[in-house]
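Trainee: I am new to this structure. Please show me how to read it.

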Amino acid sequence: MAISFEIPERVKQEQMMAQALADGIMRPVSRELDENEHARPVDFITMIWPVLRDQQARQLDRLKAPPAEASEKKGPRSTYLRMMFQVEALSHGDAGQYLCMPSALLAGSAIEAVGTPEQKERFLRRFAEGDDPKWGAMAMTEPNAGSDTKAIEATATLDPDTNEWILNGEKIFITNGGLALAESDGIVVVWATVDKSAGRAGMKPFVVEAGTPGVSVTKAEIKHGIRASDTVSLVFNDCRIPFDNILGDPEVQQEGSRKGFKGAMATFDASRPLVAAGALGVGRAALEFVKKRLKKEGIAIPYDQPHHKLTAIQRDVLEMEAQLKAAYLLTLRATAMLDEGQRNSLEASMAKAKAGKAVTQVTQKAVELLGMQGYNRDWLVEKWMRDAKINDIYEGTGQINLLVVARRILEYSSRELN
Ligand SMILES: Cc1cc2nc3c(=O)[nH]c(=O)nc-3n(C[C@H](O)[C@H](O)[C@H](O)COP(=O)(O)OP(=O)(O)OC[C@H]3O[C@@H](n4cnc5c(N)ncnc54)[C@H](O)[C@@H]3O)c2cc1C
């Protein structure tokens with residue numbers, strides 16, 4: 001597939017708008033929200049909601065339009081490309097606040113990946129209308145199931161008398177889980193097993209709507225970074241939901257089939273490039289800041305000099321730029337493939353693994369280069385270093401994404417290489 005490195009004008013304009021929000025609304029309260037973990041970025045949420053709501057409305061209309069008509073009217077799809085650049089700019093403002101963005105977020109990725117057309121309309125339309133912001137969350141992780149998602153123990157049992165699913169279990173570290181359940185119309189996509197003996201094939205996603213009895217928020221995490229974001233534990237105790245809230249096909253395929261789990265993989269294929277984009281934004285914040293400080297000290301970065309003529313600091317800055325550029329190019333490729341409707345598991349994992357590693361190294365180097373001042377709380381560099389690490393953890397750790405890359409290249413199954 002040919003990828004254009006020319007970013008469409010429309011995408012650039014939206015990126016500039018997101019950057020203005022990042023600079024004007026998010027940055028000024030970055031430290032305050034970092035130090036008051038469970039306060040929420042009210043101004044950012046209020047300002048971004050109408051923008052995201054209208055984007056979601058256009059996206060839903062596009063999903064409904066016949067493919068030929070949609071592409072004739074609007075040209076090539078750039079939904080994910082636009083999201084990539086917006087996420088990068090907003091994370092440059094503040095990664096924790098960006099995660100509080102009122103939207104379907106990961107729940108939306110799951111619904112788009114596995115939901116039926118009727119479910120897409122029913123569950124996503126709410127994010128496309130109304131004056132009040134709404135949140136979606138996705139709950140996979142459990143106390144005994146992190147990277148090894150097939151180990152999930154949450155169950156969904158069908159009550160034949162009422163035709164309802166009954167959910168039981170605990171989910172931990174769920175981003176926006178508290179926000180999604182606090183506001184009416186919020187949703188959480190919960191992964192549970194309908195048949196433990198079927199392994200991954202028995203894993204299914206269910207939509208739990210805010211206000212449903214039997215689900216409660218039991219813990220709000222106190223975190224190392226992205227402290228403006230909402231991360232909670234959820235407990236499901238005989239939580240009853242309608243039969244139609246199971247996403248996609250309720251049938252459990254034969255033993256060994258990975259069909260149920262394919263829904264989870266498709267969700268990750270869509271979300272990993274966006275996590276990578278968020279990492280790029282944090283990395284850019286640190287890099288720009290270091291260059292500005294060095295310039296004040298009279299240290300410029302000469303791009304036309306041979307490597308051996310540069311000082312150690314100049315080489316470090318060039319290395320930071322190279323790492324971020326490599327991650328950017330991989331992210332652009334994984335995102336462009338999504339917009340083209342191509343399978344991008346390999347590319348999504350490459351982008352996510354590289355961006356998670358790059359932002360961790362770049363922000364650590366930024367703190368190092370700025371000396372003592374880099375380590376105290378006068379500047380945001382130490383915060384960016386803390387905000388960076390999560391990109392190497394959630395949506396598949398660095399190691400897990402490298403495993404996916406190896407499996408795809410070597411053509412091994414997850415059973416053969418784990
Ligand atoms: C702030 C935050 C927000 C989160 N948000 C969400 C959310 O919204 N929804 C959700 O469902 N989850 C969420 N998570 C959970 C996150 O996805 C998990 O933390 C992640 O999947 C890793 O699982 P774990 O922490 O249990 O680590 P483990 O799986 O226990 O891994 C520990 C270490 O072992 C390594 N490892 C594990 N298996 C292998 C292997 N086979 N080969 C090589 N190395 C391996 C890992 O890479 C890691 O370094 C969030 C976590 C955090 C911290």
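Mentor: Start with Thr 397: a polar side-chain atom of Thr 397 lies 2.6 Å from an oxygen atom of the ligand. A polar contact is a pair of N or O atoms within 3.5 Å. The model is predicted, so local features need pLDDT of at least 70 and side-chain atom pairs count only at pLDDT 80 or more, while totals for chains, interfaces and linings use all residues. Residues are numbered from 1 along each chain as its sequence is written, and side-chain values use heavy atoms, with hydrogens and water left out.

Trainee: Which elements give two or more residues to the shell around the ligand?

Mentor: Helices (H or I, at least four residues) and strands (E, at least two) are DSSP runs, numbered from the N terminus. The elements in question are strand 1 (136-139), strand 3 (164-175) and helix 14 (398-410).

Trainee: What other polar atoms lie by the ligand?

Mentor: A polar side-chain atom of Ser 147 is 2.6 Å from a ligand oxygen atom. For Met 140, a backbone N or O atom lies 2.8 Å from an oxygen atom of the ligand.

Trainee: At what angle do helix 5 and helix 10 pack?

Mentor: Axes are lines fitted to C-alpha atoms, for helices over the stretch in contact (heavy atoms within 4.5 Å), and angles run from 0 to 180 degrees between N-to-C directions. Helix 5 (residues 79-99) and helix 10 (residues 312-339) pack at about 150 degrees, their axes 7 Å apart. Among the residues that meet are Tyr 80 and Phe 85 in helix 5 and Tyr 328 and Leu 332 in helix 10.

Notes. A polar contact is a pair of N or O atoms within 3.5 Å; within protein, one must be able to donate a hydrogen and the other to accept it, and residues adjacent in sequence count only if both atoms are side-chain atoms.
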